[in-house]
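Please prepare a short briefing on the ligand site and the salt bridges of the structure shown here.

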Amino acid sequence: MTILITGATGQLGRLVIDSLLARGVAPSTIRAGARDIAKAADLAERGVQVVPLDYNAPETVAAAVDGADAVLLISGNEFGKRAAQHQAVIDAARVAGVAKLVYTSAPKATTSDLVLAPEHKATEEAITASGVPAVILRNNWYTENYLADVARAKETGVIATGAGEGRVASASRADYAEAAAIVLTEDGHIGQVHELAGDVAWNYDELAAAASEVVGRPVQYTSLSREEQAEALAGAGLDEGTIGFVTELDANIRDGALAETDGTLSRLLGRPTTPLVEGLRAAL
Ligand code: NAP
């Protein structure tokens, strides 16, 4: 059994490989797909197969997928290009007769208003159309997404966003990685869409309280209107496109796009998800 991980040199990919190894998977049966194999030298040293895999170079994708029984397609990070990039992996998996394709998607990807959802929706639909046996992991937010906010709060005592009273059911990246390792190695799961989220959907007052515990000073949450947030981001030197993206994302959060959690992740892990404070502390 060979398991291919795409984006293996990324933060999630590395944690998935750690989880596979911790579950006793032989390193020689793990194939790490990396667009820059030099970045995977440490993985090769641990006995993991390292292969070139650039989503933009379909021949590398086909060669990497060939002979893999299971493939974890970790969504790319080049917004706007991802549907086509992911399609290259789906096509290769179909041609190679992969028995299990696992994809890291976004919460309620096919129906959500989340600004990030359309590329995930397109990918999920392409997977369905391909007929490749697949499992969808709709990952909610990583707790680690808030490290910059917490670091800033250490200096300013403030977390300011446009997310209002919205809640986020985040979990640590390592929680999602372990779930991926479980789904890759356990029998079953084919055809399932797992909505994965942390056990607790926190609001930004709670994030500020958690940040305060971690940085050791009082931290206040300031709720900004969309206009106030755009002004603050412009003042920090962000370009118009980024400002539009960030304010839209926070509007999505305000509207509840990341607020749902049904315990699927902790059930899969057989333990509670990593609490917010713990996740922030570990990441810092
Ligand atoms: P990351 O550290 O940025 O890793 C992304 C991986 O994708 C990297 O290994 C990168 O390669 C690889 N990649 C990018 N373009 C590629 C290409 N053309 N061909 C092959 N590989 C390519 O992100 P992460 O934290 O591991 O998260 C994994 C994915 O989850 C992200 O890519 C994004 O789609 C999504 N995400 C989710 C959340 C969330 O909160 N749920 C937050 C951020 C991102 P290099 O190592 O060479 O850079």
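Which helices each supply at least two residues of the shell around the ligand? They are helix H1 (11-22) and helix H4 (82-96), helices being DSSP runs of H or I with at least four residues, numbered from the N terminus. This is a predicted model, in which local features need pLDDT of at least 70 and side-chain atom pairs count only at pLDDT 80 or more, while totals for chains, interfaces and linings use all residues. Residues are numbered from 1 along each chain as its sequence is written, and side-chain values use heavy atoms, with hydrogens and water left out.

**Ligand site**
- The ligand is surrounded by 23 residues, each with a heavy atom within 4 Å of it, and the closest are Thr9, Leu12, Ser75, Gly76 and Asn145.
- Because domain 1 (3-139) and domain 2 (141-170 + 198-259 + 275-284) both give residues to this shell, the ligand lies between them; the domain bounds come from an automatic or database domain assignment.
- Oxygen atoms of the ligand lie 2.6 Å from a polar backbone atom of Ser75 and 2.7 Å from one of Leu12.

**Salt bridges**
- The structure holds 15 salt bridges, each a side-chain nitrogen of Lys or Arg within 4 Å of a carboxyl oxygen of Asp or Glu.
- Arg82 forms a salt bridge with Glu119, with the closest N and O atoms 3.0 Å apart; since Arg82 lies in helix H4 and Glu119 in helix H5 (residues 117-130), the pair ties together parts that are 37 residues apart in sequence.
- Both Arg82 and Glu119 are buried, that is, under 20% relative accessible area with a 1.4 Å probe and protein chains only.

Conventions: Polar contact = N/O pair within 3.5 Å; in protein donor to acceptor, adjacent residues only side chain to side chain. Buried < 20%, exposed > 50% of the residue type's maximum accessible area, 1.4 Å probe, protein only.
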